[in-house]
Amino acid sequence: MIPHDWVEPASAPKRGIPRRMAGAVGKLFAGDRKKEETIEALAWDDQRVPLAVDGVQVGEGAFHHAAEAAARECYAICHRVQTADAILIAIGMVCRRRGVPVPRGDTLASVIARAVDKGWWLRQVRKEWTRRFEHISIALGLTYVKTDPYISREMAIVQEARNRENAKLLENCTAVNEHGQSYTLAELAATGMGNKTLRRGELMLRIRGFEEIADGLRHVGMFWTITCPSKFHSVGGTNEKYQKAGAPTPRDAQKYLVGVWAKMRAALHRAGIQPYGFRIAEPHSDGCPHWHMLLFVAREHADQMNDIIRTYALEEDGDEAGAQKNRAKLVAIEAGKGTAAGYIAKYVAKNIDGHGVGDHKAFENGSTYVVANDIFGDLEITASQRVTYWSQVWGIRQFQQIGGAPVGVWRELRRIEQGAVAQAPEALQAAWAACQKIESPNPAVAKQASFAAYLEAQGGPTVGRRAAIQIAAREVTVEGRYGVYTAAKPVGVYCVSQPHAVYEGVHYRWTITRPGESAGVAFDLPRTGVNNCTRRAAEKPFWEGAERGSSDLRVNWEYQKNRPIRPEPEILQMYRRYRRRLEGAPSAHLEYLLKKYPSKE
């Protein structure tokens, strides 16, 4: 068991990182003390789980130990501190020292329930350690086309093991609905988007639907590749701009791309241009993401959209070498030279399961490389698995629809039986028919679902949130692990033109039976959410000018020590969120559902 507060001896800092990383430090940064200190600072600190002990990568025991210690510390805070404001501040400081986000919740009790739960801490500690490990691997050049493309071998092995454990857990959990039907969670997951084959099939169906409707409107297809400035690329640990920029992570690069697209989208909106299509985020071999965007637009707007996209793609560091050539690449999809869906199919497949792709190729620094499968012992990891693990480690969404009508309505329509829409408006009946797939050996009976027909029924490919058909949801009370709360749960759909009529889908109530609950910290949550001596919180928290009490001063001394008194912005945001109250009257369809499903209270 590795103690969570283990500190690497100052005389041998490289022992705090795995041997392979230590070797890379010696090879790449020999004699450059400044760079070695940068890596040393990334590698560990006295409040986080170390990457390694004596050069050996830590295991699950370290995470469990750290999670339990953090949960116990938060529990002690709840017993010793007397105001809600001070509790939130102290919990936020515990999280900050360990590099994890503060727990979220709509009430103080739900925030505390997370903070004292070992399971919550275990998930956060694992995520923080995994990303820190991979970040250092990128900075050292161990994640790169010539070593381990997309993700390091260590994290690929760890992620594969976690996925295998999750799959085993799903197989051991049983779900029973109100009709007595019983399935394992693995069986249910295989019928949804967790199934890679179904996920790839639905994505291609939606892309093909966009192309079909674009052909009918005589719109043109444009395939863009947008990349980040050079400072976001480690390039095997050799890029000085990357080090000077503070060694940004793939999440930082993704945030940059999201910001650039927000500017592009706003400029396009001001110009009256409404593109629609898909974007795919995939990694360069050093983990830095880039975007492929298949967009359809009216022919007369193509040149102007080209100028807008290039302008914002080159806005930051646009004068650096290679920016004009590589930052924003456009391929116009010409009629008669293959379909747009066919052009993007390889990018969809290579980022999901590699189906039909053949050699997995990566383009780096003007050269094309073939990414081969790796074998570690009896474990084989494919290139597409590496991309998936990269997405899971960094929490980056791979596929996103741009424009069009909501896919949630599409999926909800597939839950509705034919009889339920017999008297529905024409648009809803057309949308329902477009979503249905009929499998039959008889060609006259068999029918494929049509996303293009669904878009037309909703109002076209640029309808967005003004779609003719919307999700109908009702408020239900949920007894969650961290408290009882209300949530909006879909029950069907409704037409905007007829908001009082809800066409309900088939939904089941599932009871989940688990093989055994995960072990928690061996103590009870205080009955009141804080201790029994809690006095009413001040009208203002003390950092906004209210007088500080003795308990608040003790928090400052024991948990802040030499840190500034004013909390970090994310702690203030959490405080304001849990105090906020929602206002406003329910919509027409929600009024209908409230009458049909009255509250039992």
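How close do the axes of H3 and H6 come, and at what angle do they cross? In this predicted model, the two axes come within 8 Å and cross at roughly 130 degrees. H3 and H6 are therefore oblique to each other, and H3 passes H6 in a right-handed crossing. On the H3 side the contact is made by Glu-60, Phe-63, His-64, Ala-66, Ala-67, Glu-68, Ala-70, Ala-71 and Cys-74. The H6 side contributes Lys-118, Trp-121, Leu-122, Val-125, Arg-126 and Trp-129. By class, the contact of H3 with H6 has 10 nonpolar, one polar and four charged residues.

**The protein as a whole**

The protein has 601 residues, of which 47% count as buried. Its secondary structure includes 21 helices and 17 strands. Among contacts between residues at least 6 apart in sequence, 71% join residues at least 24 apart.

**H6 against H7**

H6 (residues 118-139) also meets H7 (residues 153-172), with axes that come within 10 Å and cross at roughly 155 degrees. Because angles over 145 degrees count as roughly antiparallel, H6 and H7 are roughly antiparallel to each other. H6 passes H7 in a left-handed crossing. The contact is made by Arg-126, Trp-129, Thr-130, Phe-133 and Glu-134 of H6, together with Glu-154, Met-155 and Arg-162 of H7. These residues divide into three nonpolar, one polar and four charged.

| Helix pair | Axes come within | Crossing angle |
|---|---|---|
| H3 and H6 | 8 Å | roughly 130 degrees |
| H6 and H7 | 10 Å | roughly 155 degrees |

**Cys-74 in H3**

Cys-74, one of the H3 residues in the contact with H6, has its place in helix H3, which spans residues 60-80. Is Cys-74 buried or exposed? Its relative accessible area is 0%, so Cys-74 is buried. Leaving aside neighbours within four places in sequence, Cys-74 is in contact with Ile-91, Val-94, Ala-115, Val-116 and Trp-121. Of these partners, Trp-121 is also listed on the H6 side of the contact between H3 and H6. Val-116 is 42 residues from Cys-74 in sequence, while the C-alpha to C-alpha separation of Cys-74 and Val-116 is 5.6 Å.

**Residues with positive phi**

With a relative accessible area of 4%, Tyr-150 is buried.

Another positive value belongs to Arg-218, with phi near 60 degrees in a residue other than glycine. Arg-218 lies in the loop between helix H9 (196-217) and strand S5 (220-226). Why does Arg-218 count as exposed? Its relative accessibility is 63%, and exposed means over 50%. Thus Tyr-150 is buried, whereas Arg-218 is exposed.

Methods:
Residues are numbered from 1 along each chain as its sequence is written. This is a predicted model: local features need pLDDT of at least 70, side-chain atom pairs count only at pLDDT 80 or more; totals for chains, interfaces and linings use all residues. Side-chain values use heavy atoms; hydrogens and water are left out. Axes are lines fitted to C-alpha atoms, for helices over the stretch in contact, and angles run from 0 to 180 degrees between N-to-C directions. Helices (H or I, at least four residues) and strands (E, at least two) are DSSP runs, numbered from the N terminus. Angles under 35 degrees count as roughly parallel, over 145 as roughly antiparallel, 65 to 115 as roughly perpendicular and the rest as oblique. A crossing is left-handed if the near helix is turned anticlockwise from the far one by less than a right angle, and right-handed if clockwise. Contact means heavy atoms within 4.5 Å. Ala, Val, Leu, Ile, Met, Phe, Trp, Tyr, Cys and Pro count as nonpolar, Asp, Glu, Lys and Arg as charged, and the others, Gly among them, as polar. Buried means under 20% relative accessible area, exposed over 50%, partly exposed in between (1.4 Å probe, protein chains only).
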